[in-house]
Amino acid sequence: MTRIDLHIHSTVSDGTDTPSELMHNAAAAGLDVVALTDHDSSAGWAEAAGTARTLGITLLPGMELTTALGSNVIHVLGYLFDPDDPALRSETERITTDRYTRAKRIVDLINREYPLSWDDVLHQTVVGTTIGRPHIADALVAKGYVPDRPTAFADLLSPRSRFYVPHYAPDPLTGVRLIRNAGGVPVLAHPATATRGRAVDENYLARLVRAGLYGLEVDHRENTEPGKDWLKSQARLYGLVQTGSSDYHGRGKANRLGENLTSAAVLEQIVHEGTGYAVPASRR
Ligand code: AMP
Ligand code: FE
Ligand code: FE
Ligand code: ZN
């Protein structure tokens with residue numbers, strides 16, 4: 001059986017393994033195909049692809065694009081898009097630039113009550129990292145204020161916290177179109193979780209499908225069981241593919257590589273659908 005995990009993060013965003021370490025860990029976990037899907041960045045593709053080649057596993061290039069509907073943050077996975085597409089690039093640059101400003105604001109607010117500097121946060125990143133709350137969480141852990149990321153997210157970094165600041169993100173329809181127009185394949189990430197509920201209602205999902213949505217991430221640890229049933233019925237209704245993935249973040253989350261998998265048939269459809277980036281035939 002081909003083992004396929006289509007959603008993992010590296011130090012390019014909020015994972016703790018470098019792209020290269022990630023490929024080694026993926027091979028060790030018995031995976032044959034992995035998609036690197038860092039938040040709002042494709043900066044890890046080259047390093048991951050190089051290491052994947054030496055290990056004999058296949059890298060499917062991807063990204064987890066941040067979008068928002070009002071105050072609800074909705075993640076859209078994109079595969080096989082052209083990383084140099086001007087519209088997608090300028091949008092991800094706008095998002096990551098505002099993520100930076102927003103993270104600084106959060107740190108300033110926290111610093112009024114718990115001494116914390118911007119340098120403390122930068123120490124938790126590498127050059128070019130898509131900065132997010134997880135890096136602030138890591139700085140809070142290093143300071144000894146909280147034991148781990150989940151504790152930081154439960155309180156100081158929660159959206160209900162007095163320290164919370166949102167950041168710019170396009171709406172999901174725009175996100176889906178940007179990925180499609182760059183030749184990519186858009187899949188809605190973890191769309192039915194307990195904490196956030198349904199990412200979108202049935203009307204909005206229908207609009208996303210008309211905009212080019214290709215799949216739903218059904219098998220993800222954060223989707224509830226009734227949520228998965230709903231997603232499967234919507235996938236059947238619109239002929240969307242169903243994916244399964246770990247959303248591995250290294251030491252940043254409990255999610256383990258390969259804990260959920262995608263079928264070879266679905267991978268085949270995604271590879272066939274993506275036109276923005278060629279995966280060499282020998283590595284498919
Ligand atoms: P941000 O994009 O900066 O708003 O931060 C959101 C990110 O934080 C998500 O991509 C998750 O990977 C991560 N995250 C959210 N909740 C938790 C949690 N409880 N524990 C660890 N990481 C989390
Ligand atoms: Fe994340
Ligand atoms: Fe996500
Ligand atoms: Zn993710």
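User: What are the ground rules for numbering and confidence?
Analyst: In this predicted model, local features need pLDDT of at least 70 and side-chain atom pairs count only at pLDDT 80 or more, while totals for chains, interfaces and linings use all residues. Residues are numbered from 1 along each chain as its sequence is written, chains are lettered from A and ligands numbered from 1 in the order written, and side-chain values use heavy atoms, with hydrogens and water left out.

User: Why is Asp14 called buried?
Analyst: Buried means under 20% relative accessible area, exposed over 50%, and partly exposed in between (1.4 Å probe, protein chains only). Asp14 has 8%, so it is buried. His249, at 3%, is buried as well.

User: Which residues coordinate the iron ion (ligand 3)?
Analyst: Glu64 (OE), His75 (ND1) and His190 (NE2) coordinate the iron ion (ligand 3), at 2.0 to 2.2 Å. Their spacing is E-x10-H-x114-H. His75 sits in strand E4 (residues 72–79) and His190 in the loop between strand E5 (185–188) and strand E6 (192–193), 115 residues apart. His75 is buried at 15% relative accessible area, and His190 is buried at 8%. The iron ion (ligand 3) and the iron ion (ligand 2) are 5.4 Å apart.

User: What makes the phi of His190 worth a mention?
Analyst: Most residues other than glycine have a negative phi. His190 is not a glycine, yet its phi is positive, about 25 degrees. Asp247 also has a positive phi, about 60 degrees, and is not a glycine. Asp247 lies in the loop between E9 and H10 and is buried at 2%.

User: Why is Glu93 called partly exposed?
Analyst: Its relative accessibility is 44%, so Glu93 counts as partly exposed. Glu93 belongs to helix H3 (residues 86–111). Its C-alpha atom is 8.1 Å from that of Asp40, 53 residues away along the chain.

User: How do you know that the protein is as compact as a globular protein of that length?
Analyst: The protein has 10 helices and 9 strands. Its radius of gyration is 18 Å, close to the 19 Å that the globule rule gives for 284 residues, so it is as compact as a globular protein of that length. The radius is taken over C-alpha atoms, and the rule is 2.2 Å times the number of residues to the power 0.38. The C-alpha trace spans about 50 × 45 × 40 Å along its principal axes. Buried residues make up 56% of the 284.

Key
Donors are N, O and S atoms within 2.8 Å of the metal (3.2 Å for Na, K and Ca); water is not among the atoms, so sites may look incomplete. Helices (H or I, at least four residues) and strands (E, at least two) are DSSP runs, numbered from the N terminus.
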